[in-house]
Each structure stands twice: as structure tokens, then as C-alpha cells.
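Thank you for making time for this today.

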Amino acid sequence: MKALVLAGGSGTRLRPITHTSAKQLVPVANKPVLFYGLEAIAAAGIRELGIVVGDTHAEIEAAVGDGSAFGLEVTYLRQEAPLGLAHAVLIARDFLGGDDFVMYLGDNFIVGGINDIVSGFMARKPDAQIMLTRVGDPRQFGVAELHPDGGVKSLEEKPQHPKSDLALVGVYLFTAAVHEAVAELKPSWRGELEITDAIQWLIDRGYHVESTTITGYWKDTGNVEDMLEVNRLVLESTEPAVRGESLDSELIGRVRLEPGARVERSRVVGPAVIGAGARVTDSYVGPFTSIGADCVVADSEIEYSIVLPRASIEGVRRIESSLIGHDVQVTPAPNTPRAHRLVLGDHSKVQISS
């Protein structure tokens, strides 16, 4: 079996972070989301991996390299435009050959890995297998309608009137039969080749399509709220480790200090991680916070947040539920009544208490 990871999306819901960074490389507990998926693929015993990349290909390739760090052999497949999940299968045809494969969306996060799913697929050998989970608002996802016996009846991409609350999770398993389906597709109303249409093509022609409804945790980390929630979940399982320095400080609970990190006259309440080379001085770092490498937090308070490498937060009270990008500087505003001075990038969101 091979694997196909999709890492070419533009990440519009994570702007302005993704104006300058691939959404799949935004860190959760100081490790890119993409890496959790690569580790899950390797743990399932898969070695040959194709990564579909787009405009951020240079950044993805620099981060993943040849895949050897994950025990994988990586081939990069360039997608010139985000034309749909089925289009990614289309351009990967030569790489995939006649092999079975798992398709994994690079910004998805699944607790527990995919070992059982892959082994079950290999044992039963359906033509395709999808993973489903119940969601509150299925209009944002591909939605499955099942027969009473659990068989897949129909699929629809982002329907206005969903027939169920069962959303497709970003992991799919296919035999080579899917290539015939993909070759027959026409673009949807969104201008994309939809993987849901390809699977529906298989269903309509009598191919065996199975579904598995997962009860574990799954998130599409496409927006800030979901990123923070996944960060919280991963930090819940963090083991305490002090590889940096703690001077005149309190480290409470599951706190991980990476090598070169330094905490002085501060209080850090876990679960939390302080990245390599970061400095926390005269500050409070609360639960579910990831401070990236070489950051500075001074005379400030922050919790339930993700801070990317080399950012600095100085003299600010209080920050929470925030995603702060690379090399950002956060400082107090001058004490000018009834005035705000702002320099904001495109698509920024700002909340001001006046």
C-alpha cells in the first residue's frame, strides 16, 4: 500500500498566518500538524508516500525533506492549482500505479492513528473505504447517507440540506478502481473535481464501498478555533520534562521545557510547552499554551494560545485564545485616549475594547 498526502491548500481560513506559511506546517504543541499525519502513515507500515504540493511547495519540501526522518520515501507531486481532492488523485496516477493507497489530508488530525483502519481495509479489500464522524453542522463537509444496514447510499459535498450528520473525515482508502472513477469526473459547481463524486461513481456502478464511523477525536485544523482545540488535546498527553533552565520560577503540572529554553521569575501552569531557546521572564504562562522556539515572553500573561517561533510578547496583560505568528511583536499601546494605531495585513481580524 502507498499513501497520498494532500498538502497543497491555501489555508484561507487561517489568514493572515497562511499568507506567509503553509497551513499544514502551523504547529500543534510545537510540531507541525502535517508531521502527525506522516507519523501515523509510517506507524501503519506504509513506506512509499506521495505529497501533493501547491504554491507552498518549497516550504513543505524543506520541512519534510526526503521523508527519511519519518521512515518514509517521499515523492513530491506538483498541483498547479487547488482543483479538488479527486484532481490530486488524477495527477498522482503514475506514482500510485495499480497499488492500493490511503489518501490523507495534511491539515487533518486524528487521535489514535490509522493502523486499525489500514489493516481492516487490507483484510476485507473493499474497492473504497471512507471514515465518518458525527458533526453539529454537516453543511461544512462532505456528507454521507447510509442504508439501514450501514452501507453507503450516497455522498454529497457541502450540501445546503444535509441528509445526515455524518461527515467525511479526511482519510480515504482506495484500490486502483478509483482511477477509472476520477477519469470520468466533471468539475462540480465549485469548479473542482470532488472525491465525493468519485466515490458516488463507484457506488452507482456496483463497486463495494465501506464506511467506518469513528468515535475518537478528529479535527480539520482549518481555522484558529480548531487549531487551539487540537493544541489543547495534544498537550493533555504531554509528559513533563525540563531540558532547559528554570530559575526562581514555578512549573506546575505537565510542563515541557525544550533545550535552551529559560524561565525566570515566572509561573508556568501545564499542560504547556516552552520551545527551544525561548525566554519567559516575569510572566505567567497558563494551561494549553505552546510557546515556539526562540520566542520572548516578558512581563506578560498568556494562556490557551499558540505562539509561533521568534515572536515576542512584552508588557501585555492579558492574552488568551490566540494564534500569534512568526516574528510577531506584541507590545502595549501608547496611552492615547480614544485612538488606536493599527498596521494590519489583508484578511486580519481585530477585536478592540473601546
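What you see is a predicted model, in which local features need pLDDT of at least 70 and side-chain atom pairs count only at pLDDT 80 or more, while totals for chains, interfaces and linings use all residues. Residues are numbered from 1 along each chain as its sequence is written, and side-chain values use heavy atoms, with hydrogens and water left out.

How many salt bridges does a search of the whole structure find? The search gives 25, where a salt bridge is a side-chain nitrogen of Lys or Arg within 4 Å of a carboxyl oxygen of Asp or Glu.

One of them joins Lys-125 to Asp-100, with the closest N and O atoms 2.1 Å apart. Lys-125 sits in the loop between helix H5 (115-124) and strand S8 (128-134), and Asp-100 in the loop between helix H4 (93-96) and strand S6 (101-105), so this pair ties together parts that are 25 residues apart in sequence. Helices here are DSSP runs of H or I with at least four residues, and strands are runs of E with at least two, numbered from the N terminus. Asp-100 is buried, at 11% relative accessible area, whereas Lys-125 is partly exposed, at 44%; buried means under 20%, exposed over 50%, and partly exposed in between, using a 1.4 Å probe and protein chains only.

Another salt bridge pairs Arg-267 with Glu-250, and their closest N and O atoms are 3.4 Å apart. Because Arg-267 belongs to strand S19 (residues 267-269) and Glu-250 to strand S16 (residues 250-252), the pair ties together parts that are 17 residues apart in sequence. Arg-267 is partly exposed, at 37%, and Glu-250 is partly exposed as well, at 45%.

Beyond these pairs, a network of salt bridges links Asp-299, Glu-301, Glu-303, Arg-317, Arg-318 and Glu-320.

Which residues of H8 are buried? They are Asp-226, Met-227, Leu-228, Glu-229, Val-230, Asn-231, Val-234 and Leu-235.
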